[in-house]
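Hi everyone, thanks for making time for this today.

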Amino acid sequence: MVSKFIKLLNRDIASINQAAVLLGVFSLVSQLFGLLRDRLLASLVGPSAPLDAYYAAFRVPDFLYNSFAVLFSVTVLIPFIVEYMEKRKQGEHATFRHFIDSVFTTYFFGMLVVCVVAFVCMPALSHIIAPGFGVQERHTLILFARTMLLSPFLFGLSNLFTSFAQVQKKFLSFALAPVLYNLGILIGVIFFRQWWGMYGVVIGVIVGALFYMLLQIPPLIELASFPGFVWRIDWA
């Protein structure tokens with residue numbers, strides 16, 4: 001069963017139309033899961049200070065992800081990968097391999113530094129994102145937001161992995177990943193919340209982000225493009 005699922009993830013999507021339909025269908029499914037997630041939160045938790053802290057805590061991780069991970073992937077990474085894919089076709093595999101590892105190393109430690117700085121600065125940032133919170137609510141917000149900083153780190157790595165896969169016509173894992181992300185949050189809402197309250201929902205966010213990242217790995221292994229760390233960074 002698992003091997004068939006991995007084989008499905010590794011299928012090539014040769015047509016742009018097929019890729020667009022695939023992305024559209026799973027985007028709709030993901031939106032439905034997100035709607036179910038929000039309805040469950042509203043009915044099971046209801047208006048409360050922890051729920052306010054949960055929604056406010058998303059602001060810093062979302063800003064980091066959209067500002068660094070997405071921007072870097074779309075404007076810088078994919079054009080470089082396309083160029084190096086051409087070099088790979090011409091037999092320069094070693095150069096391409098080192099390029100992948102260099103990008104991964106730079107991306108990994110760059111996102112790590114950004115998230116660590118945000119972790120340290122979170123008490124100050126909490127006054128910007130939630131100026132009206134009291135002391136207790138602010139402590140809750142800081143705890144939630146610091147935990148959620150794992151999500152832009154995982155999403156950043158996922159973006160890197162999907163960029164390598166998409167230029168090689170592997171789209172299914174990217175299309176399916178948002179569904180599993182929302183599924184992770186649903187697990188947090190339905191199960192973890194019973195044990196740890198709203199912090200359990202925060203854990204569900206991290207579980208969903210982990211699902212999102214892990215789903216990107218099988219295509220890279222199949223393509224022999226899974227990156228590793230290098231000491232010498234070379235983007236040339």
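Let's begin with a definition: helices (H or I, at least four residues) and strands (E, at least two) are DSSP runs, numbered from the N terminus. On that basis, this chain has 10 helices and zero strands. Reading from the N terminus on, the order of elements is α-α-α-α-α-α-α-α-α-α.

A quick word on where this comes from. What you see is a predicted model, in which local features need pLDDT of at least 70 and side-chain atom pairs count only at pLDDT 80 or more, while totals for chains, interfaces and linings use all residues. Residues are numbered from 1 along each chain as its sequence is written, and side-chain values use heavy atoms, with hydrogens and water left out.

Next, burial and contacts. Buried means under 20% relative accessible area, exposed means over 50%, and partly exposed is in between (1.4 Å probe, protein chains only). Of the 236 residues of the chain, 46% count as buried. A contact means heavy atoms within 4.5 Å. Among contacts in the chain with a separation of 6 or more, 84% come from residues 24 or more positions apart.

Now to the rings. Rings of Phe, Tyr and Trp (its six-membered ring) pair if their centres lie within 6.5 Å; planes under 30 degrees apart count as stacked, over 60 as edge-to-face, and the rest as tilted. How many aromatic pairs does the structure hold? There are 16 aromatic pairs. Take Phe104 and Phe108: their ring centres are 5.9 Å apart and their planes sit at 45 degrees, so this pair is tilted. Both residues belong to helix α5 (residues 93-129), four residues apart, which is about one turn of the helix. Phe104 and Phe108 are both buried. They also belong to a cluster, in which ring pairs link Phe104, Phe108, Phe109, Phe153, Phe161 and Phe229.

A charge sits over a ring if NZ of Lys or CZ of Arg is within 6 Å of the ring centre and within 35 degrees of the ring normal. Here Arg146 lies over the face of Phe119, 4.4 Å from the ring centre.

Let's move to Thr147, in helix α6 (residues 135-148). Is Thr147 buried or exposed? Its relative accessible area is 13%, so Thr147 is buried. A polar atom of the Thr147 side chain lies 2.9 Å from the backbone oxygen of Leu143. Not counting residues up to four places away in sequence, Thr147 touches Tyr199, Val202, Ile203 and Ile206.

Val202 deserves a stop of its own. This residue is found in helix α9, and with a relative accessible area of 0%, Val202 is buried. Leaving out residues up to four places away in sequence, Val202 touches Tyr54, Phe144, Thr147 and Met148.

Ser151, in helix α7, counts as buried at 5% relative accessibility. Its contacts, leaving aside neighbours within four places in sequence, are Pro61, Val205, Ile206 and Ala209.

Gln216 is in the loop between α9 and α10, and is buried, with a relative accessible area of 1%. With neighbours within four places set aside, Gln216 is in contact with Ser158, Phe161, Thr162, Ser173, Phe174 and Ala177.

Last, the largest pocket. On a 1 Å grid over the protein atoms alone, a pocket is an open set of points where a 1.4 Å probe fits, with protein on both sides within 12 Å along at least five of seven lines, and lining residues have an atom within 4 Å of a point. The largest pocket is lined by 16 residues, and Arg37, Phe58, Asp62, Phe155 and Tyr181 lie nearest its centre.

Definitions and conventions: Polar contact = N/O pair within 3.5 Å; in protein donor to acceptor, adjacent residues only side chain to side chain.
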